[in-house]
Amino acid sequence: MAQITAPVSKPSIGERFASSWGLFKTSWRVVRSEPALFGLTILSLVARLAAFILLFLAVAAVFASAALSGFFAGDQASTAPLGIVFIGFSLVWGILLSAPISAYFSGAIAHVAMERIEGRDPSVGDGLSAASRRFGSLAVFGIWNGIVNALTSSMGGNRSGLVGQAISIAQAAARELYALLTSLALPVIMREQIGGTKAIGRSTEIVRAVWPQAIASGIGVRLVTSVINFALFVVMIGSAFLAMAGLPGNTIAPDGSTVVDTAEAGAALFALIPLFAIGITLVIIVGTVGNLLQAVFNGALYLYATTDRKSTRLNS
């Protein structure tokens with residue numbers, strides 16, 4: 001697709017805030033009406049799970065070979081190699097596998113979302129095809145994100161005292177700022193012919209022009225998902241308390257000992273398992289929908305900032 005050359009628009013402050021609600025409604029309609037988004041999400045989970053299993057099997061094969069050769073026997077036995085392998089496993093998984101895979105499928109989701117907003121009817125194959133054409137840039141962006149996450153995580157050790165808390169707060173603020181400035185990098189990669197690292201600069205340029213909507217989207221999606229998850233938590237805990245209240249009480253035997261009807265107690269506790277299974281499933285669904293809503297909103301915000309809004313359905 002040709003590079004978008006329309007300048008980044010700079011609406012008034014009132015229009016910026018007023019448009020946030022319209023963008024949110026558009027994004028929610030896309031999430032509800034586009035099954036390809038959920039298909040790509042499922043494929044992303046399957047791909048990352050497959051990559052994790054393959055990496056785990058490769059590491060297990062190396063350890064098995066080392067054990068058969070006697071590497072861990074006698075004086076050579078040491079826990080140091082285990083630590084090194086664990087660190088290497090985490091870095092390879094986080095930087096070279098999980099992050100690029102996530103970026104690839106997130107790029108496909110961004111493409112599908114923008115196509116739907118513009119009135120077309122994309123499929124899972126369309127999203128994968130578009131992401132495959134931009135695979136190099138998506139992989140570079142994903143690896144860069146993996147490096148940033150690894151660095152910020154490695155610097156997050158235990159800190160005590162006022163200074164330590166201030167450092168932790170500053171570190172968390174830096175991560176949030178980075179996430180905000182790069183929030184439109186995936187739509188940029190999918191629509192403009194630039195690389196993964198240059199897309200960060202382009203995303204920063206656009207976010208500076210539409211920062212109220214960008215901030216509102218992150219806060220809004222998190223607030224909605226947090227409220228729903230809290231409501232689910234309250235319902236689960238309340239139901240658990242009601243179930244516990246229905247447990248049979250203790251009885252006193254003639255000899256003065258306490259007798260508990262373990263069969264009834266076990267049956268009542270066993271009945272809580274489906275409740276918590278349903279609750280966990282709902283939390284996962286809410287998180288998935290929230291992530292999709294954020295991704296679609298980012299695509300909508302990119303189109304809002306770089307194209308003629310009347311040519312899209314952002315205000316419908």
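Colleague: What pattern does the protein follow when it is read along the sequence?

Modeller: This is a predicted model, and read along the sequence the protein follows α-α-α-α-α-α-α-α-α-β-β-α-α, which comes to 11 helices and 2 strands. Of its 316 residues, 36% count as buried, and the protein exposes about 17600 Å², of which carbon and sulfur atoms supply 71%.

Colleague: What makes the pair of Arg 116 and Glu 34 a salt bridge?

Modeller: The closest N and O atoms of Arg 116 and Glu 34 are 2.7 Å apart, and the cut-off between a side-chain nitrogen of Lys or Arg and a carboxyl oxygen of Asp or Glu is 4 Å, so the pair qualifies as a salt bridge. The two partners belong to distant parts of the chain, 82 residues apart, with Arg 116 in helix α3 (residues 80–117) and Glu 34 in the loop between α1 (13–33) and α2 (35–68). A search of the whole structure finds 8 salt bridges.

Colleague: Why is Glu 34 called buried, and why is Arg 116 called partly exposed?

Modeller: Buried requires a relative accessible area under 20% and exposed one over 50%; Glu 34 has 2%, and therefore counts as buried, whereas Arg 116, at 23%, falls in between and so counts as partly exposed. Leaving aside residues up to four places away in sequence, Glu 34 touches Val 112, Arg 116, Asp 121 and Pro 122.

Colleague: How do you know that Glu 34 caps the N-terminal end of α2?

Modeller: A side-chain oxygen of Glu 34 lies 3.1 Å from the backbone nitrogen of Ala 36, and the limit for a polar contact between N or O atoms is 3.5 Å, so this distance is within the limit. Ala 36 is itself among the buried residues of α2, which also include Leu 37, Leu 40 and Thr 41.

Colleague: How do you know that the span of α2 agrees with what its 34 residues should give?

Modeller: At 1.5 Å a residue, the 34 residues of α2 should span 50 Å, and because the C-alpha atoms at its ends are 49 Å apart, the two values agree.

Colleague: Which residues form the nonpolar patch on the surface, and why does Leu 57 count as partly exposed?

Modeller: The patch is formed by Leu 49, Phe 52, Ile 53, Leu 54, Phe 56 and Leu 57, which together have about 600 Å² of accessible area. Leu 57, which lies in helix α2, has a relative accessibility of 48%, and so counts as partly exposed, while the cut-off for joining such a patch is over 30%.

Colleague: What makes Glu 115 buried and its partner Arg 120 partly exposed?

Modeller: Glu 115 and Arg 120 form a salt bridge whose closest N and O atoms are 2.8 Å apart; Glu 115, at 10%, is under the 20% limit and is therefore buried, whereas Arg 120, at 39%, lies between the two limits and is therefore partly exposed.

Colleague: Why can the salt bridge of Glu 192 and Arg 202 be said to tie parts of the chain together?

Modeller: The side chains of Glu 192 and Arg 202 meet at 3.1 Å, N to O. Glu 192 lies in the loop between α7 (185–191) and α8 (196–209) and Arg 202 in helix α8, so the pair ties together parts that are 10 residues apart in sequence. Both Glu 192 and Arg 202 are buried.

Key: Residues are numbered from 1 along each chain as its sequence is written. This is a predicted model: local features need pLDDT of at least 70, side-chain atom pairs count only at pLDDT 80 or more; totals for chains, interfaces and linings use all residues. Side-chain values use heavy atoms; hydrogens and water are left out. Helices (H or I, at least four residues) and strands (E, at least two) are DSSP runs, numbered from the N terminus. Buried means under 20% relative accessible area, exposed over 50%, partly exposed in between (1.4 Å probe, protein chains only). The expected span of a helix is 1.5 Å times one less than its number of residues. A polar contact is a pair of N or O atoms within 3.5 Å; within protein, one must be able to donate a hydrogen and the other to accept it, and residues adjacent in sequence count only if both atoms are side-chain atoms. Patches are made of residues with over 30% relative accessible area and no salt bridge: like charges are joined within 9 Å, nonpolar side chains (Val, Leu, Ile, Met, Phe, Trp, Tyr) within 5 Å. Accessible areas come from the Shrake-Rupley method with a 1.4 Å probe; for residues, only the protein chains shown count as cover. Contact means heavy atoms within 4.5 Å.
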